[in-house]
Each structure stands twice: as C-alpha cells, then as structure tokens.
Amino acid sequence: MKKTKLFDTRKTIKIALPSFPDSEVELWDGLLTSEFEVLSNLEKDYDRGIETLRFLIKAWSFVDEKDETLDVTKETLGKLPARDFTFMMEQVGDIMETMTEKKEVSSKE
C-alpha cells in the first residue's frame, strides 16, 4: 500500500471587516472533522457561531495596547461591533455552503 502524508489541505481567504477597513482576517475555507464534533455538542446558536469563527479564523490583524496580536477568543470576538460579527458569520455561511456543495458533488461521483 502506498503511504500518504496527512496534512491540512484547506485554503484561506482574506477579508476586511466593515468597521475596520484596514483590518485583515484570514479564514480557513472549511472545518476539520474534529471541529464538527465540537460544534455538534454545543446547544446555543451563539456559542456555535463563536466556536465556528474560532475554528475558521486562521489569523487576524487585531492587536492590544502593546501591539501584540490578540488571540481569537470568545472575549475578543465579543468586543467586535455586531455588524462585524454578522459580516463574518455571513462569510462562514458562504464557506459552509461551499463545503456542502463540494460534498454533494463528490458523493455523486
């Protein structure tokens, strides 16, 4: 049997948030299987949304007073204006829709 290296094949997309036009948020274009398991165990939509963002945000340009990059946490995400959270959730919706379309196509093959 041929050996195959297991590695992260996801791509990334970059967006800027409406309230912070000079910001840069790098999002993965999909979730890992283990992340689906975590999300399926969450009951509240808000918590599921926060965790989905935490999983999909690879990097962002937000820093603290010392110019150190802020970790993507529930607390830091909670400090964003609601319209930026909504904007990112729309991006997540697009990503999830694309993932579903790819899954449907590959299952038909």
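Which residues of the largest nonpolar core touch the most other members? The views below take up this question and several others, using a predicted model.

**View 1. The whole chain and its order of elements.** The secondary structure of the chain comes to four helices and three strands, and, read from the N terminus on, these elements follow one another as β-β-α-α-β-α-α. Among the contacts in the chain with a separation of 6 or more, 57% are accounted for by residues 24 or more positions apart.

**View 2. The largest nonpolar core.** This core has 21 residues, and those that touch the most other members are Val25, Ile57, Trp60, Leu77 and Met88. At least two residues of this core come from each of strand 1 (12–17), strand 2 (20–28), helix 2 (45–56), strand 3 and helix 4 (82–108). If residues up to four places away in sequence are not counted, Met88 touches Ile15, Leu17, Val25, Leu53, Ile57, Leu77 and Leu80.

**View 3. The pairing of strand 1 with strand 2.** These two strands run antiparallel and are joined by five bridges, and the hairpin that leads from strand 1 to strand 2 passes through two residues. In this pairing, Leu17 stands opposite Phe20 in strand 2; Leu17 is also one of the residues that Met88 touches.

**View 4. Glu35 in helix 1.** Glu35 lies in helix 1, which covers residues 33–40. Is Glu35 buried or exposed? Its relative accessible area is 10%, and because buried means under 20%, Glu35 is counted as buried. A polar atom of the Glu35 side chain lies 2.8 Å from the backbone nitrogen of Leu32, and, once neighbours within four places in sequence are left aside, Glu35 is in contact with Arg10 and Phe55.

**View 5. Asp67 in a loop.** Asp67 has its place in the loop between strand 3 (57–60) and helix 3 (74–78). The phi of Asp67 is near 70 degrees, which is a positive value in a residue other than glycine. Most residues other than glycine have a negative phi. Asp67 has a relative accessibility of 63%, and because exposed means over 50%, Asp67 counts as exposed.

Notes:
Residues are numbered from 1 along each chain as its sequence is written. This is a predicted model: local features need pLDDT of at least 70, side-chain atom pairs count only at pLDDT 80 or more; totals for chains, interfaces and linings use all residues. Side-chain values use heavy atoms; hydrogens and water are left out. Buried means under 20% relative accessible area, exposed over 50%, partly exposed in between (1.4 Å probe, protein chains only). A nonpolar core is a set of buried Ala, Val, Leu, Ile, Met, Phe, Trp, Tyr and Cys residues joined through side-chain atoms within 4.5 Å. Contact means heavy atoms within 4.5 Å. A polar contact is a pair of N or O atoms within 3.5 Å; within protein, one must be able to donate a hydrogen and the other to accept it, and residues adjacent in sequence count only if both atoms are side-chain atoms. Two strands pair if DSSP finds at least two bridges between them.
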